[in-house]
Amino acid sequence: MTALEQMCAALSPLAGGGGRVLAALDGPCASGKTTLAGQAARQLGCPLVHMDDFFLPPARKTPARLAQPGGNVDWERVRDQVLVPLSRGEPARFSPYRCHTGAYGPPVSLSPAPLVLVEGVYALHPALRDFYRLRIFLEAPWPVRCARLLDRGGPELLARFQGEWVPLEDRYFQACRVRDCCQLVLSGQ
């Protein structure tokens, strides 16, 4: 069974349960989270929220904040603008932060749905994980991830990830025991 089949098999009963269900897919960079979540969201017809829209702007990346495991993401905005309203059956409204421009994009509105999927590193931050009925971890071996990062942006991007983002992610995964809190662990290779 493929990772997509496993994920959809776990999510499908939740989507048709008649309630409001939030699910999260977390895992290291370049493990295939965005691709897998996009495929699952299309197959299940559910909205998809990307944690990349909630990275901290440079002004908020203080040493104290980055010293916190999972502090690289604006988990407060995810909680207050997405998870709390959707869990109450209310619309979510947020402005995605665009790292490449250093600015917030136009506001996005998201109506409540029977199933909403949240994907990305830090989706299972300890302050967020209780909102999710299903918590999924996607892993892939470093050589696979390394090749994907090289394809995305060449040696410069790979070096930046290795020097900056991977250490932050690894500390978050270990300190917050992210994989251990998941009901489903999938392979993204």
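In which strand is Leu 186 found?

**Entry 1: ground rules.** I am working with a predicted model, in which local features need pLDDT of at least 70 and side-chain atom pairs count only at pLDDT 80 or more, while totals for chains, interfaces and linings use all residues. I number residues from 1 along each chain as its sequence is written, and the side-chain values use heavy atoms, with hydrogens and water left out.

**Entry 2: Leu 186.** I looked up Leu 186 and found it in strand S9, residues 184-187; helices (H or I, at least four residues) and strands (E, at least two) are DSSP runs, numbered from the N terminus. Leu 186 has a relative accessibility of 2% and so counts as buried, where buried means under 20% relative accessible area, exposed over 50%, and partly exposed in between, with a 1.4 Å probe and protein chains only. I then checked its C-alpha against that of Met 7 and noted 8.1 Å in space for a pair 179 residues apart in sequence. The contacts of Leu 186 (heavy atoms within 4.5 Å), leaving out residues up to four places away in sequence, include Ala 3, Gln 6, Met 7 and Leu 36, as well as Ile 136 and Phe 137.

**Entry 3: Asp 26.** Asp 26 is buried yet has no salt bridge, and the nearest side chain of opposite charge, that of Lys 33, is 6.1 Å away. For the charges, Lys and Arg count as positive and Asp and Glu as negative, with His and the chain ends not counted; a salt bridge is a side-chain nitrogen of Lys or Arg within 4 Å of a carboxyl oxygen of Asp or Glu.

What does the side chain of Asp 26 make a polar contact with? I found the side chain of Tyr 172, at 2.5 Å, and I also noted a polar atom of the Asp 26 side chain 3.3 Å from the backbone nitrogen of Tyr 122. A polar contact is a pair of N or O atoms within 3.5 Å; within protein, one must be able to donate a hydrogen and the other to accept it, and residues adjacent in sequence count only if both atoms are side-chain atoms.

Entry 4: Most residues other than glycine have a negative phi. Tyr 122, although not a glycine, has a positive phi of about 85 degrees; Tyr 122 is found in the loop between strand S7 (115-119) and S8, and at 2% relative accessibility it counts as buried. Arg 177 likewise is not a glycine and has a positive phi of about 50 degrees, but its place is in the loop between H5 and S9, and with a relative accessible area of 53% Arg 177 is exposed.

**Entry 5: Arg 135.** I placed Arg 135 in strand S8, residues 134-139. Arg 135 is buried yet has no salt bridge, the nearest side chain of opposite charge being Asp 130 at 5.5 Å.

**Entry 6: salt bridges.** How many salt bridges does the rule count? The count comes to 9. I looked up the one between the side chains of Asp 53 and Arg 98, at 2.7 Å, N to O; the pair links distant parts of the chain, with Asp 53 in the loop between strand S2 (48-50) and helix H3 (63-67) and Arg 98 in strand S4, 45 residues apart. Asp 53 is buried, with a relative accessible area of 11%, whereas Arg 98 is partly exposed at 31%.

The side chains of Arg 60 and Glu 76 meet in a salt bridge at 4.0 Å, N to O, and Arg 60 lies in the loop between S2 and H3 while Glu 76 is in helix H4, residues 75-87. Arg 60 is partly exposed, with a relative accessible area of 33%, and so is Glu 76, at 21%. I also noted that Arg 60, Arg 65, Asp 74, Glu 76 and Arg 77 are linked in a network of salt bridges.
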